[in-house]
Amino acid sequence: MSSPDVWRVIGLMSGTSYDGIDVAAADIALDNAGEEVVLTPLGALERPHDPAVRELIAEVLPPATVLLEDVCRLDTLLGQAFADAAAHGIEELAGGRADLVVSHGQTVFHWVEHGRARGTLQLGQPAWIAERTGVPVVSDLRSRDITRGGQGAPLVSILDVLLLAPGGHAKAALNLGGIANMTVVRPDGSVLAYDLGPANALIDLACRRYFDQAYDPDGAHAAAGSVDQALLARLLDEPYYAMPPPKSTGKELFNADYLGRKLAGLPDLDPDDILATVTELTATVVANECAAHGIGELIVSGGGVRNPTLIRRIAELVDATTRPGRPGRQNGRPVAVRPIDDLGLPADAKEAYAFALLGFFTAHGIPATIPSCTGATTASILGSITPGAEPLRLPLPARRTPTRLRIQA
């Protein structure tokens with residue numbers, strides 16, 4: 001460790017798009033007063049999943065019927081993949097050393113019943129990471145929040161709240177992974193976070209079905225198509241959107257069967273038109289939620305930032321739904337839509353950095369959830385710790401919970 005107060009942390013994240021593992025390295029420290037946490041990004045990279053692993057992930061995701069043999073195999077194969085990703089992150093980004101690895105794992109099921117999260121399952125056995133790297137591992141970060149009545153999501157809201165200082169107008173941090181989630185920071189400092197619905201989930205499913213592609217490269221298929229209003233109306237008529245937050249969702253709802261049911265009975269549509277329509281769905285849901293909360297500034301991250309058609313439609317619809325006289329338009333100015341890169345974090349790696357931060361908080365005994373964001377009764381210290389090659393040594397618990405995050409170049 002370079003200093004007793006600075007921890008070098010590797011964050012690992014594989015999202016609902018399951019195309020690969022995002023790896024981020026950061027030096028993280030608390031200031032002397034414990035009120036500010038300082039995160040210095042050291043770099044990020046992506047390790048694509050082996051095609052066989054990606055295929056096995058697809059085979060166990062809802063609504064598939066799964067054998068425990070497949071779950072066991074996938075838990076091991078993903079653990080080995082995360083171990084390989086962590087080792088590359090340590091060597092290529094962190095100068096060959098790290099104090100902690102934090103692994104989100106791969107979500108294969110998120111059990112929500114009558115609007116309440118009952119359980120969640122992330123695979124990727126952390127023992128493989130600890131054995132390969134010799135570094136302690138924090139994993140299973142969602143379950144503790146669920147035991148306290150929370151949704152276990154979105155956990156990245158702690159980073160958003162610490163980074164977006166309140167004041168002036170309502171701000172929101174939007175993450176466009178397989179599922180879109182948003183953290184709202186109101187001018188008075190009160191906060192809210194929840195899953196909006198699909199971001200890339202239905203887009204990626206349609207691309208796999210019609211074009212044998214993992215995603216829509218540069219949003220080209222959506223840009224070439226036209227929105228089918230009948231299909232869009234069916235998609236928007238989803239009860240989840242009307243549920244009050246906090247709430248969470250995933251591939252348990254927005255999966256291949258879901259898209260097939262929405263297409264049933266409609267005239268055969270051109271595949272490009274289907275891509276244009278599911279892209280419009282994401283943009284519409286985002287715009288509606290921004291209007292509902294009077295958002296004046298929208299900070300965007302996640303893999304969806306690489307889809308210019310999606311980002312363009314989000315910007316256009318957010319602007320259209322927050323015209324003068326509506327709460328989102330501040331003094332006649334349009335809503336500012338910009339990437340989180342402007343605040344010092346790469347948009348593609350934000351979640352990996354967020355989980356690095358969560359693991360740092362765990363090691364320092366700091367609660368890392370916000371009840372108004374997840375719906376839990378109280379904040380929780382998250383995760384389980386797997387020791388590395390050495391006996392586990394943790395620092396003394398922090399004296400207080402930080403109230404702000406500074407990204408240091």
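Student: Is the crossing of α8 and α10 right-handed or left-handed?

Tutor: In this predicted model, the crossing of α8 and α10 is right-handed. Helix α8 covers residues 229-236 and helix α10 covers residues 256-263, and their axes come within 9 Å while crossing at roughly 130°. Angles over 145 degrees would count as roughly antiparallel and those from 65 to 115 as roughly perpendicular, and α8 and α10 are therefore oblique to each other.

Student: Which residues make the contact of α8 and α10?

Tutor: From α8 come L231, R234 and L235, and from α10 come Y258, R261, K262 and L263; by class, the residues of this contact divide into four nonpolar, no polar and three charged.

Student: At what angle do α2 and α3 pack?

Tutor: Helix α2 (residues 68-93) packs against helix α3 (residues 126-133) at an angle of about 35°, with the axes 7 Å apart, and the crossing here is right-handed. On the α2 side the residues that meet α3 include F82, A83 and I90, while W128, I129, R132 and T133 take part from α3. This contact has seven nonpolar, four polar and two charged residues.

Student: In what sense do β3 and β13 pair?

Tutor: Strand β3 (residues 36-48) pairs with β13 in the parallel sense over four bridges, and V38 stands opposite R406 of β13.

How values were computed. Residues numbered from 1 in each chain as written. Predicted model: local features only at pLDDT ≥ 70, side-chain atom pairs only at ≥ 80, totals over all residues. Heavy atoms only, no water. Pairing = 2+ DSSP bridges. Helix = DSSP H or I, 4+ residues; strand = E, 2+ residues; numbered from the N terminus. Axes fitted to C-alpha atoms, helices over the stretch in contact; angles between N-to-C directions. Parallel < 35°, antiparallel > 145°, perpendicular 65-115°, else oblique. Left-handed = near helix turned anticlockwise from the far one by under 90°. Contact = heavy atoms within 4.5 Å. Nonpolar A, V, L, I, M, F, W, Y, C, P; charged D, E, K, R; others polar.
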